[in-house]
Structures are given as C-alpha cells and as structure tokens.
Amino acid sequence: MLPRVGNLMLTVSGQRVDVARVEAMVSELQAIVDSIATRAGRAALIEDRRQRVVVYSEQIEPMDEVRRRSILRRQTTAEVIAFFREVGVQQATGAIRTPACPRLDMLPRVCIPIRHGGLLLGFLWFLDPDESMTDEEIASVSTTTTDLALALYRENLSGEIASQHETEAIRLLLADEPDARRHGALALLDAGSLADDGPAVAMAAKLSMRPGGRLDDLARIAVEQALLESRRWMGPRRAVHMSRYDHGVLLVRCKRRRTCVEVRDIAAHLNAALQGAVRGLPSVSGAVVGVGQVRSGLAELRKSYDEAALAMRVALQLPAVGPIARWSKLGIYRVLSQLTSEDMSSAGVHPGLERLLDNPLHLPLLETLETYLDLACSAGATAQQMNLHRTSLYYRLQRVEELADTSLKDGNERLSLHLALKVARLAGRYQPGADTGGVVEHADGRAPPGRADVQSLPGRPSTTAPIADPVETTRLDIRRHRHHAHLMRRDAGGTTVEHRAGGTLEEKGCDGRRGGVMRTSDEIYHRVRWDPRFDPARFVLGISRRGDGLARIPLPSFVPGGDIPWHRVVFIEADGEVVWDRATGVDRIDASGAGRVRDAQADLSFDTSSGRGEPVGVLDVSPTARTAVAWIPPAELWPPIQDIRRDYDPQIHRWPPHVNVLFGFVPESDFERAAPLLASATAQTPVFTARLDGVRTFRHRAYFTVWLDPTAAGGAPWADLHRVLQQRFPRCRGPAKNFTPHLSLGRTRDPRRVTADCATRLDAMTATVWELVLLTRRGDGPMRPRATVALRTGEVRWLPASDLEAPDPEDTAWLSEITDR
C-alpha cells in the first residue's frame, strides 16, 4: 500500500505562498478525492489539464506500471499522454472509457473530465481492469465533481499565479538591461525559488524533429517534464526553469567547489531526462543540451544563457558534437555560431568552394580537404588517417584547387577554405559521411551481416545478394592503379568488396568483367557516344595536362587514339554532375539521370493553375553555377552594351547580356522536372516593361562589378517574378542576401571612372520582358540557351542543339533560337 500524498504541483513552482492556505487547499482536495474513492469503491487519482498528478487516494489494489510511474514521478510520460489524446480525453465532455494498451503496460480506465464553466481543469481517473464499473456507478461519481471542479480551479489559479511570478522573474533575469537583470535576481531570491546568490550556469534544451515533424504540445510537455525532473533531482531551491516556444531553459545555482564536475553531472542528467521524456514520440528524433559558462552571480546569467543557446544550435547542426554541447569546448564554432542564418554563407568566406558544395559527388574531396587542413596540412598524417596513398591525396588536393579556383600554398586561401568548410558544416550544407549515391559506406569498414548492397552496372540491375557472415575470404587480389591502390577481396557469394580511403567499402556485383572493378574511361566514352539514350553534347571530359592543371573538353571533340591518351581522362561530367571519377572511384552513369536524351514527343503542356494562386510543388535540388534562369534583352539593344562589355567584362565570351532571375539553378539533368514548376510560376506573372537606365556598382573583395539597372521603371515586377520562382526552387537563393536585378557591364578597380564612362556611352533603353531563358554551360563553353518559358502563358519551348558553342560577342544570330517562333 502506498501512503497518501497531498498536492505535489505547488511544490514544483518554488514560490513562497501562504502555508495555511496551501494546507487548507490540500486538505480540501484530499477530502474530496477520498470521498469519491469511497463512493466508487476503488482508488481514484486526479490530474491537472496537462496530466500532472495533483492528488490521489489510497492505492489498495494492484496497479499497472503507468499508474505507479505517475505517482512516483508526479507526472505522466509524453507517450502515455499521446495515447490518451488519440482516445479523445481532451475533447470529452463526459465520462469516457479508455482501452488497455499492452505496449505501455496499461490497464483499462474510466476517465471523467473535470470542467468548470466549459474550461477543462483536469481529469478524474479510475482503474477498471475487468471493466466492472457500471454506467450507474460512473454517473453517480460524475455528480460529485462540481465541488472538485471548484477546488481544482482555485488550486490551478494559485499554482498558475506562482508559476507566472517565477517565469516573469526569469524573463527579467535574462533581459538586456542590467537593472532588469538585478531586479529579476532579487525577485527569485525573495520568493525563495533559489537559496542564495553566487556562481550559476544556464542550460538550454531543445528537441530535434524528424523531417516533416513539428513541435507540438506533446513535445513541449516532454521538455517541461525533463526540466522538472532535473530540478527535483538537484533538490529544492537549486534551480529554476522556463519553457520557451521552441526550447527550455534551466538556470542552476552551483554549490560544489569543482563547478565543472557539477555542471557536467547536471547536464548529463538533463540529457538523460530529455531522452526518456521523448521516447515514443514519433515526431522527435532526439534532443540536445547546450551549456553556457559558469558566471559569478545570478545577474550575469544572461551571458551564460546566450552561450547555452548558441551551443544548443551547434549541437543540432553537428551531430558529431554530441547531445551535450559545452560552450567552452566548441572551438571555432564559438565564433561561427554567432553568425545569423543569412550571414552563414560559405560563399561569403570562399566563393570557389561553392562548386564543390553544390555537388554531393564531391564529398570525398571536401572530406580530404578538411582533414588535410585540420592536420596542419601534413600530407603524411592526412594520408594515414584517411587510409589513402599519397598519390591519391595529392591528386584530390589538385582537384580541389582546380574546382575551387584556389591555391593551397597561399595561407589566406587555406584559412578561407577552412572557415568556409566549418560554416558549411554549421549551415547543414556539408555532412561528412553522408551517402553520395555512388559508394556504399560502412562506419566499421565491414559489410552489413547477411547482405551486400550491389551497385548497378551495365546490363545488370541492382540486386541484393546474401553473403556469409563472417565474410569467408577466399582470395586476396591487390590491384594497383596509376593514382591509388585498391584492396579487393571476394566473398563466398561472388561479390567483390573494394576497400579504399577512410575505411570505405565499395561493393559491386561480380559479373566476370575485371572482377567487378569500375569501368574505364574508354568504356564510358563509347557507351555515351553510341548509346541512343545519352546526349554526347551534354558530356565533358576532364583531362590532366602535364604541369598545367586540368582542362575540360566536350566529349564530341575528343578523338580516341589521338594526342590525348585514355589514362589522362580523370573525370567525366554530364550536365555539370560528375558521373565518373578516377580518383574517388565514382561510376554512376547508369544511376544518374544526367546527360539523358530528352523525349522530343514529351507533352510540354502543363497545368498552370493551382486553384488559389499558390505553388503547386517544389523541386528541392541543390543548385549549380553552370545553369541559370535569366532574361536576355532583344538583339537591337546589344550593340552599346557589348561595346562596353568588350572593354571591361572578362566574361563577355561566357555570358550574353542578361539579367539573372535565379542563379545558380538546378542541374540540366533536372530541367525536365523543373519545367512544369517554371510553367506554373510564370503563368501567374504578367508581361511587364523593363527600363534599363542608371549605372551602379557592387563591391567585392578585390574589385567592383559595374552594372546597368533594369528596374528604372520599377522593381516590383522583378521582385514578384523572383519570389514566385524561388518558391518552387527553395535552394536556388544565390550567394547574395537580397535579390538585386542587374545587367553586368564589367569589372574594375576604379569604379568612379568606369561608371562615368558607361553612363556617358549608354542611353536609357526600354524592352518588354515576355519570356525567360534557361541557360547552361557545358564544359568550358559559354552559357547557351536550352529552353524558354513565356510569362503569362507558362509555355515551355525546348531549343534545338546548336553547333556553335563559342559565338563571337558581336554575333546575335543565335538569338533567333529564342525569338523565332
């Protein structure tokens, strides 16, 4: 038999209230629940509206585990609350029977909602394991809840007032003004919430939601329960807490001399309480705790709270930090975490790194670069840690320099790259160890027991083959390639397992072709050249030039058996996506949709109406700098613009005169998926007139960009067009914080002189914006139009492939591809 316990909720608030009033209130509630239990002939329990235990009668009958935990812990778990909400106790206006739940070890119950004037105050619960409680007995007990409702209303009111006082004091303690913080500290001490002033620390707790999950009431209740449990564990007058919209705050008065040990123990307990409270919540994937530094007094806790909140943010973005993030242990992330979401752009730190971040297949290069920089640029230590041959390491670093347009011999460049990688980690754009789609990775360097994931190869679909566990190694075949060594082993199931850098296992089915090794560059070339499913014009070969870096050439321009041998083909791209890479072992031309021939008979009429003028869908694909959605002015406006660009713009051979609306855009391989969304967006946008007048500049680190303003007639149409497109393509935000329509005229270090020269040579021009153009760049060629999208109608037209990949800046004949209807 458990002893009777009075009202427990009031003791949680930590407020000093009138003792006689509390005793009278407890006595009244206890007398009522004892009377109800006697009348019903069974044990009764009362909870408040958040299902925290208020008072209960003697428990003389066998209890289930849910009732036992509720009494011992003074609260119900979030998993149990979710079950009762599904049953409908929150909406019930009368008695309701709840079924048993073996999963929760819970017996059937009878629940009577306690309401006062239509307001839900709590619940009266009876265990009914054999469902012997009759409707007449339930009705008899229900008539007695009037007095209970009044008593519970007074009790809730008193508890809410005390809790509001504490919450208000905490808000003052965390305010910006020093006077407010001192007043908040005094209020907590006067109320008896904390024993005294002295060293204190702040902790912040937040839940990590699954994709598609949202922070609902159950999740917030779980956070509050964890905070309350930690307070009870520490003892009275040791801590206070406050629940905010998306996280909880725990302020702790430290007592031990070794505060670091004490803080570590409290944080560990809070984390354990959080993990237990969220168990069973389908929308929650985990929880994190941020810990600030210990401060000398309560009035200094605002700084500790800011640190705890930033540490919590880092822990959410970087799972490797662990569920408990201490501000003092975050290193460089102490600085980076203070950047806002808008400022957290790796392009602002090192623009060249964007080319690697945009393509998930470059993840091995990013991991290699970060490890190299983390280890003080020690090639030996990097090769050893990543299990790489030094030749492979040097080649990967060379590829980084080529793709990022940088030099690892420059100290400033190394610092910029290192910071950009850390910023990308914190922003969630760079996740080491993520699956790139081309390699099956295992954390322990072994295949999963009982199966092997087999990568698709030509003529053989992906399969799942059983393998022996442990792996029966029947042959060890060491094959040395020109750039790195591969360790091959064949298991009893006929699957070749290839071990490479960083303990990665690349598993490929063995079909008798060279033991399942990735295909050679000449095999890929001939496959693309003669397979009718591929468009050779959309493929680019990366060629290693002796002592002169890398060159990109279009696949149709490559001559097999000519001056360039096959071993100097180091990678193959399609639509800007790497589909074959000698160094990283990527061979995914069959798995990727890049470079595929478009179906000329495809139906290009799209439903452009969503019924409410809202987006009909989005394409959540990482952008690439090799594509853009832009407006190209008519040919009659080109001469004065090109005359200026010839003098000042080094990109004149790469770009036509244009105003980008989205740059970068999705890869060319995703254009078919993007077309319906572009049609839907532009169908909502009317044709408008653009007036090009006024020469302005952007400032960069080493130069200024001079540009012509196309918004002289008003910027609203451009902003609306950009907004509706970005709604469909949320990742295509571009490197700038705000969208500024502009037509680039050139670059200069003397903006005043060049701006004046351009303004003198240009008159105001007017043109109608009635369609946008999809531009792509293949290999080292220029940006070329591939399709147009008409405003107001949303009509999409695919343009025929052009043989002219490098037009002269004076040539406007190719504009007929766009304007000739």
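Two strands count as a pair if DSSP finds at least two bridges between them. In S23, for instance, Phe 663 is the bridge partner of Ala 628.

**A sheet and its helix**
- Strand S22 (residues 624-631) and S23 run antiparallel and are joined by five bridges.
- These two belong to an open sheet of five strands, ordered S23-S22-S29-S30-S31, with antiparallel pairing.
- At the edges sit strand S23 (659-665) and strand S31 (796-798), each of which pairs on one side only.
- On average, neighbouring strands of this sheet are turned by 25° against each other, direction ignored.
- What holds strands of a sheet together in general? They pair through backbone hydrogen bonds, either parallel or antiparallel.
- Helix H21 (residues 716-728) lies across S22, S23 and strand S29 (771-777), and it runs at about 20° to S23.

**Helix H9 and its surroundings**
- Helix H9 (residues 259-277) has 19 residues, so at 1.5 Å a residue it should span 27 Å; its end C-alpha atoms are 27 Å apart, which agrees.
- Several residues of H9 are buried, among them Val 261, Ile 266, Leu 270 and Leu 274.
- The buried residues of H9 pack against helix H4 (78-87) and helix H8 (217-234), and also against strands S6 (200-209), S8 (248-253), S9 (284-291) and S10 (324-326).

**A glycine in a loop**
- Gly 549 is found in the loop between strand S17 (539-544) and strand S18 (550-554).
- Is Gly 549 buried or partly exposed? Its relative accessibility is 26%, so Gly 549 counts as partly exposed.
- Gly 549 and Glu 402 are 147 residues apart in sequence, yet their C-alpha atoms are 7.0 Å apart in space.
- Leaving aside neighbours within four places in sequence, Gly 549 is in contact with Gln 398, Ile 543 and Ser 544.

**Cysteines**
- How many disulfides does the structure hold? The structure holds zero.
- Cys 111 counts as buried because its relative accessibility is 0%.
- Cys 377, at 26% relative accessibility, counts as partly exposed.

**How confident is the prediction?**
- The protein chain averages a pLDDT of 77, and 79% of the residues score at least 70.
- Over residues 600-615 the pLDDT is below 50, and this stretch has 18 contacts in the model beyond near neighbours in sequence.
- Residues 803-807 also have a pLDDT below 50, with ten contacts beyond near neighbours in sequence.

Definitions and conventions. Residues numbered from 1 in each chain as written. Predicted model: local features only at pLDDT ≥ 70, side-chain atom pairs only at ≥ 80, totals over all residues. Heavy atoms only, no water. Disulfide = S-S within 2.5 Å. Buried < 20%, exposed > 50% of the residue type's maximum accessible area, 1.4 Å probe, protein only. Helix = DSSP H or I, 4+ residues; strand = E, 2+ residues; numbered from the N terminus. Axes fitted to C-alpha atoms, helices over the stretch in contact; angles between N-to-C directions. Contact = heavy atoms within 4.5 Å. pLDDT = per-residue confidence, 0-100. Expected span 1.5 Å × (residues − 1).
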